[in-house]
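Please keep the model open while you go through these notes. Each point below takes up one part of the structure.

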Amino acid sequence: MSAISIVNVKKSFGSLLALKGINLEIKEGEFFGLLGPNGAGKTTLISSIVGLCRLSEGKIGVLGHDVERQYLQSRRLVGYSPQEVNLDRFFSIRKILTFQAGFFGVRRSDRKQLIDRLLNQFRLEDKANQPYYRLSGGMQKRVLIAKALVGNPKILILDEPTAGVDVEQRLELWNFLRGLNRDGTTIILTTHYIDEAEELCQQVGIIHLGEIRELGTPAELIDRYCEKKIIPDHVERGTLEEVFLKVTGAKIN
Ligand SMILES: Nc1ncnc2c1ncn2[C@@H]1O[C@H](COP(=O)(O)OP(=O)(O)O)[C@@H](O)[C@H]1O
Ligand SMILES: [Mg+2]
């Protein structure tokens, strides 16, 4: 069964067609990257999967559950970290996670153990009682991922998980995400950092102006778009960045 099955999904905001008929299957266990320039429709598509955005047309299934007709069953299977923070920046990290545990119906007697485990897993123990706003950008992103994992989801969806984070902390986040995927969590992330998708993702979809323009492994896409250059002692195969530029015609920031 697919982790996520998206069939002919359209979404309009007034006269703007933000999603123009998306078809996409994401397999269980996959690390999938949705890559696209700003305004491509990444957040709209992700919001549709977690039921925050009503579809204009089409349907989406999460492990076989329809996101609109079976909202609770499908939502329970997904951990979601939004692009815009949806928490009180003055709350301590422990309080943020405790609230989320309540929201996901974790029994009161199990909450402390769950939260201690997440604080430990994301190396946030010594920040547990600090308010969110005092943490560095990379730590804040770790909190968002920990928060998304509170319901012990099979699928983790992260909208721009490393935006605005410095290089070292990005590498650290990548390691956390790789570990989660290795342990069996299906991960879907959106990014406009091409190197991030090339580094982490087994499958990449390039979305532009509300359409999936290309789909494949980074190596397949590079083969499809880049000419191999044979230089005396090695072969240059091109990069996903070149592919992205050709597919979207966009300039990279
Ligand atoms: N709530 C909304 N109301 C009106 N237009 C929106 C809304 N959300 C997104 N859009 C528009 O839909 C398009 C896709 O946006 P978005 O999904 O946020 O792109 P991305 O996440 O790839 O940057 C953009 O043109 C954006 O302006
Ligand atoms: Mg976005």
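1. Strand 6 pairs with strand 7 (residues 155-159) in the parallel sense, over four bridges. Val-78 of this pairing stands opposite Ile-155 in strand 7. Strands are DSSP runs of E with at least two residues, helices are runs of H or I with at least four, and both are numbered from the N terminus. Two strands pair if DSSP finds at least two bridges between them. Strands of a sheet pair through backbone hydrogen bonds, either parallel or antiparallel.

2. This is a predicted model, in which local features need pLDDT of at least 70 and side-chain atom pairs count only at pLDDT 80 or more, while totals for chains, interfaces and linings use all residues. Residues are numbered from 1 along each chain as its sequence is written, chains are lettered from A and ligands numbered from 1 in the order written, and side-chain values use heavy atoms, with hydrogens and water left out.

3. Are the faces of strand 6 covered or open? Both are covered. Val-78 and Tyr-80 are buried on one side, Gly-79 and Ser-81 on the other. Buried means under 20% relative accessible area, exposed over 50%, and partly exposed in between (1.4 Å probe, protein chains only).

4. Four strands form it in the order 2-1-4-5, with antiparallel pairing. Its edge strands are strand 2 and strand 5 (65-66), each pairing on one side only. Strand 1 (residues 2-13) and strand 2 share nine antiparallel bridges. Ser-2 has Lys-27 in strand 2 as its bridge partner.

5. A polar backbone atom of Gly-39 is 2.7 Å from an oxygen atom of the ligand. For Gly-41, a backbone N or O atom lies 3.0 Å from a ligand oxygen. For Lys-42, the distance from a polar backbone atom to a ligand oxygen is 2.9 Å. Taken alone, ligand 1 exposes 560 Å², and the protein buries 58% of that. Accessible areas come from the Shrake-Rupley method with a 1.4 Å probe.

6. Ligand 2 is a magnesium ion. Its protein donors are Thr-43 (OG1) and Gln-83 (OE1), 2.0 to 2.2 Å away. Thr-43 lies in helix 1 and Gln-83 in the loop between strand 6 (78-81) and helix 3 (93-103), so the pair ties together parts that are 40 residues apart in sequence. Thr-43 is partly exposed, at 30% relative accessibility. Gln-83 is partly exposed as well, at 36%. Donors are N, O and S atoms within 2.8 Å of the metal (3.2 Å for Na, K and Ca); water is not among the atoms, so sites may look incomplete.

7. Ser-92 sits in the loop between strand 6 and helix 3. At 16% relative accessibility, Ser-92 counts as buried.

How values were computed:
Polar contact = N/O pair within 3.5 Å; in protein donor to acceptor, adjacent residues only side chain to side chain.
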